Amino acid sequence: MNKIDTIDPQPRRVDAESLKAAIVDKLAYAIGKDPIVAQPHDWLAATILVVRDRAIDRWMDTTRATYRTEAKRVYYLSVEFLIGRLLRDAMSNLGLVEPISAALRDLGVSFDAIEALEPDAALGNGGLGRLAACFMESMATVGIPAYGYGIRYVHGLFHQEIKDGRQIELPENWLSGGNLWEFERREAAYEIGFGGVVESDSAVDGTVRQRWLPQERVFAIAYDTPIVGWRGERVNTLRLWSARAVDPISLDEFNRGDHVGALADLTRAETITRVLYPADSTAAGQELRLRQEYFFVAASLQDLIRRHIKQFDSLESLPDKVAIQLNDTHPSIAVAELMRILVDLKGIPWERAWAITRATVSYTNHTLLPEALESWPVGLMERLLPRHMQIIYEINARVLQEAREVLSPDADLLASLSLIDEQNGRRVRMGQLAFVGSHKINGVSALHTELMKETVFSDLHRLFPDRITNKTNGITVRRWLMQANPDLTALLVDTIGPAVLDDIERLAELDAYAGDPSFQGRFATVKRANKARLAGLIRDRVGVAVDPDALFDVHIKRIHEYKRQLLNILEAIALYNQIRAHPEREWVPRVKVFAGKAAASYWTAKLIIRLINDVARVVNNDPAVHDLLKVVFLPNYNVSLAEAIVPAADLSEQISTAGMEASGTGNMKFALNGALTIGTLDGANIEISERVGSDNIFIFGLTAEEVEAQRRSGHNPRAIIGADDTLRFVIDAIADGTFSPDDRNRYRALTDNLMTNDWFLVTADFASYGKAQRQVDTLWRAKSSWRAKAIHNVARVGWFSADRTIREYAEEIWNVPTD
C-alpha cells in the first residue's frame, strides 16, 4: 500500500462556530477581503470554498477506496449536464444547511441572499441534461464509482430574454466570475485530431494496421467538479472538457501585422467548447456539432483507457472494470473511436476488439424523433473523421452479413438495417451505430421502449432481440423535494418520520393521511406559501400581479411542437372567450405559467413563444376578465427557476402528442410536490397514472395507437375545426390579428399549418383537452377532494426516484454492485 493511502486526515468540524471561523478564514486568505468591506459575492465565494473543502475530503476518500477495492467504474457520456447551482445541493447532502446558515447569520449575512448570486451552470438545455445531473447524484448516493464526461461550455445554450414578445438569444456568461467548484487538471490533457489521411502499415507477419494522420489537432483539458451523494458517503467526479489550441498564436503572422489571423487557430479550437447546440442549419454548424461530439468522446475514451491500463495493465479486462453509458445519440461516435483505439493503437484483432466494445458500451435512447437520432453526411464524416468512416463501413458490412444469415437477404430489410442511409443523400445513422455497438439499449419509459421495438429500431430488434430493455427515468428527490420544497419536507418528516429522507418509497405511508382534515390544512398552508413566493417572483420578473389563491396551471419545458404549448395557449384563448361571453358564471381563477427555450433556429417554436406573450398582453390587460385569467411567460428557464415554480404548481401540463415524449421527468417532479397532472397517455405519464391511480390524474386525448391510426387514415384538421365552433373562433382570432394588431399576418403560417397539416394533432385533441380542463375546474372547487388527490400523488410517486433507476441500470446493464 502506498504510504499516502494510510493518511487519515482529521475530520473537519461542522458546528456553526467552527464553520463561522472557516468562512472568515477563507474570506481573508482565499478571497483577500476583510469582513468589514466584503460584498455579497465575496461571502458567497468564501462559503463555497468552505463547503468545497468538506466535499474534497470525502472525494479523496472515495477515489482511494475505488482504487483500493479495484471496483468497476461507470463512465456516463452526455453532451448535457444541467446541474444548476451546486452550493445548496452540496450543503444538503453533507448535512451543512443548518450550521452554515447559522454561521452566516452570526456574521450578519443572509444565506438565501448570497445563494441567489450563484450562477446556474449553463451546461444543458432540458430533460436530457437534468436527467444526467440527477443520475450523477444518484450514482454517488447508491455507492457506484462513476465519472460523468461532458463539455465545459463557455456560454452554454443561451440566455433567453423576451423583447416585444420575441425570444432573444444572448450569451450565457456563467463563467465570467470563475467557477469555484471546478479544478483544472493539467495532467489530463489529450490531443484530439480532425481531418487528414489514413495510411496502411504492414508488419513482418503480414498483418496490416491503419494509421490515422490528422491534419488538425487541438488539446482537450479536463476540469473536475465533485458531485456529492446523499449524506456525503461518496463523492463522484464530473469531468468536463475544454478545447485549447496546440499553437495559440502564430507569432510570424502577428509580427507581419495580421493580428487577427495570428489567432485563427486559437479561435477555431475554442469554438468547439463555446456554445451548446450550435445551430445546424448550415454546413458549418453541422461540422461544429460533429467536432464537439467527437472532441469530448475522444478525450473521454483516452482518459478512461489511460486510467484502466494504469491500474489493470490489460484492455482484455475492460468490460469487467468499465461500463460506458451513452446518454442519447450524441456520443455514438464512441463505438467507432473505441474500435480505432483497440484495433489501430493497441493492435487487438478486430473480432476481439468488437467483443470488448460491445460488452463495454450501452446506449440510452431518449427520443423517437428522427432529427434527434442524428445522422451525418458521409462526405462530412470522410473529411473530418476519415478513419472512423472506414471503421463504420466495416462494422456495417459485418452487421449486414449477419442479417443476411439470420434474417433475410431482402434488399429493403438490409437498407433499413444499414448504418448508411442511402435514400437521403447518403448519411451515417448514428442511432444505428450506437445500437449495434452496445450490449444493451434502453428506453426511458415502458411505452417508449415498446415503441422503439416497433418503430425506429424494429428491424435491429429482430436481429438482436435480447438487447432492448426498459429503464423508466427517475428524479433525485434530494434536489426536487428536500431542497426545492423544504417546508413540505419538514411536514413529511413530522408526519411519517425522518426515515423517509433515506428511503423515499416510505412516502407511501402518507396515503393514510390524504383524507385527514388537519393534515390537509397543513399541506395547503405549505402550498399557499410556495405560491406566494412564486407570485412575488412573477411580479418582480415580468411585472404581472397574480393571486396566490388562484389555480396555478404550469407548463414549463423546452418549447417544441410535440410538447404542444400551442394546444395549451389555444385552450387559454378559448377560456378567455368564454369568460368574456359569460361573466355570470362562477369561473375558477387561473394563472397559466409558461417557461422554456426554443432552439435558436426553430422558427415555429419561437413563433409559439411570441403567441403566448401576445395573448398574455391582451388577456392580462383586459378588465373584462376581472383577474379570472392571467397568462405569464417567465424568461430564461433554468434549474433555479424550476426549483421556484415546481413547488408552487397546482396543475402540471404534460400534454405531448401521444407516442412522442420518451418519458419526461417534469411530470415526476410536479407530482412529488403535490401537483395534479393533466396529460396524454404518453411517456412516463402512463406509469404515473398506474402508480397514483387513474382517479388522481386528468388523462385526455388520443393514445399512441390512435395517433398512428389517425395519421395513416389521413388526419383532416380542417374538418375538425369546421365542426367545432370554439376551436374555429380561437383560430380565426389568431389568424385575423386579434392578438397581433401591429402585424395581423404574424401568425398566418401557424394557423395555416393547423388547418392543413397539424402533424402533432393539436386540433384532434383540442375538444378532449378542454373537457379535461373543465373537470379540473370542478375538482378545484371541492377543496378537500383536490387536496386528498394531491396528497395521494405525493405518497405514490416515490418509485420515480433516480436511485431506483440507477440501481436497475447497475444490476441489469452495468453489472456493478450498489449500497
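Colleague: Leaving aside its neighbours within four places in sequence, which residues is Ser 438 in contact with?

Modeller: Please keep in mind from the start that this is a predicted model. Apart from those sequence neighbours, Ser 438 is in contact with Arg 358, Val 361, Ser 362, Tyr 363 and Arg 467. As for its place in the chain, Ser 438 lies in the loop between helix H17 (430-436) and strand E15 (440-443).

Colleague: Is Ser 438 buried or exposed?

Modeller: A residue is called buried when its relative accessible area is under 20%. Ser 438 has a relative accessibility of 0%, and therefore it counts as buried.

Colleague: How should I read the buried residues of a helix, and which are they in helix H28?

Modeller: The general idea is that an α-helix has 3.6 residues a turn, so residues three or four places apart point the same way. In helix H28 (residues 704-713), the buried residues are Ala 704, Val 707 and Arg 711. Because these residues cover an arc of only 60° around the axis, they sit on the same side of H28. On the other side of H28, the exposed residues are Glu 705, Arg 712 and Ser 713. Helix H18 (446-454) is included in what covers the buried residues of H28, and just after H28 comes Gly 714, which takes a positive phi of about 100°.

Colleague: Which residues are buried in helix H31, and what do they pack against?

Modeller: In helix H31 (residues 748-756), the buried residues are Leu 750, Thr 751, Leu 754 and Met 755. They fall within an arc of 130° when seen down the axis of H31, so they line one face of the helix. These buried residues pack against helix H23 (565-581), helix H24 (603-620), helix H29 (717-722), helix H30 (725-735) and H32. After H31 comes Asp 758, whose phi is positive, near 55°.

Colleague: When two helices meet, what should I look at, and at what angle do helix H1 and helix H4 cross?

Modeller: One can look at the axes and then at the residues that meet. The axes of helix H1 (residues 16-29) and helix H4 (residues 97-106) come within 8 Å and cross at roughly 60°, and this crossing is right-handed. On the H1 side the contact is made by Ala 16, Glu 17, Leu 19, Lys 20 and Ile 23, which meet Pro 99, Ile 100, Ala 102, Ala 103, Leu 104 and Asp 106 in H4.

Colleague: Now for the strands: in which sense do strand E3 and strand E4 pair, parallel or antiparallel?

Modeller: Strand E3 (residues 159-163) and strand E4 (residues 166-170) pair in the antiparallel sense over five bridges. Within this pair, His 159 stands opposite Leu 170 in E4, and Gln 160 stands opposite Glu 169 in E4. The general idea for side chains is that in a regular strand they alternate between the two faces of the sheet. E3 and E4 form a hairpin with two residues between them, and Asp 164 in the turn has a positive phi of about 55°.

Colleague: How do I read a sheet with six strands, and in what order do they stand?

Modeller: The six strands form an open sheet in the order E19-E18-E17-E20-E21-E22, and the pairing is parallel. Strand E19 (629-634) and strand E22 (698-699) stand at the edges with a single partner strand each, so one side of each is left without a neighbour in the sheet. E19 pairs with strand E18 (residues 590-595) in the parallel sense over six bridges, and Lys 592 stands opposite Val 631 in E19.

How values were computed
Residues numbered from 1 in each chain as written. Predicted model: local features only at pLDDT ≥ 70, side-chain atom pairs only at ≥ 80, totals over all residues. Heavy atoms only, no water. Pairing = 2+ DSSP bridges. Helix = DSSP H or I, 4+ residues; strand = E, 2+ residues; numbered from the N terminus. Axes fitted to C-alpha atoms, helices over the stretch in contact; angles between N-to-C directions. Left-handed = near helix turned anticlockwise from the far one by under 90°. Contact = heavy atoms within 4.5 Å. Buried < 20%, exposed > 50% of the residue type's maximum accessible area, 1.4 Å probe, protein only. Arc of directions from axis to C-beta.
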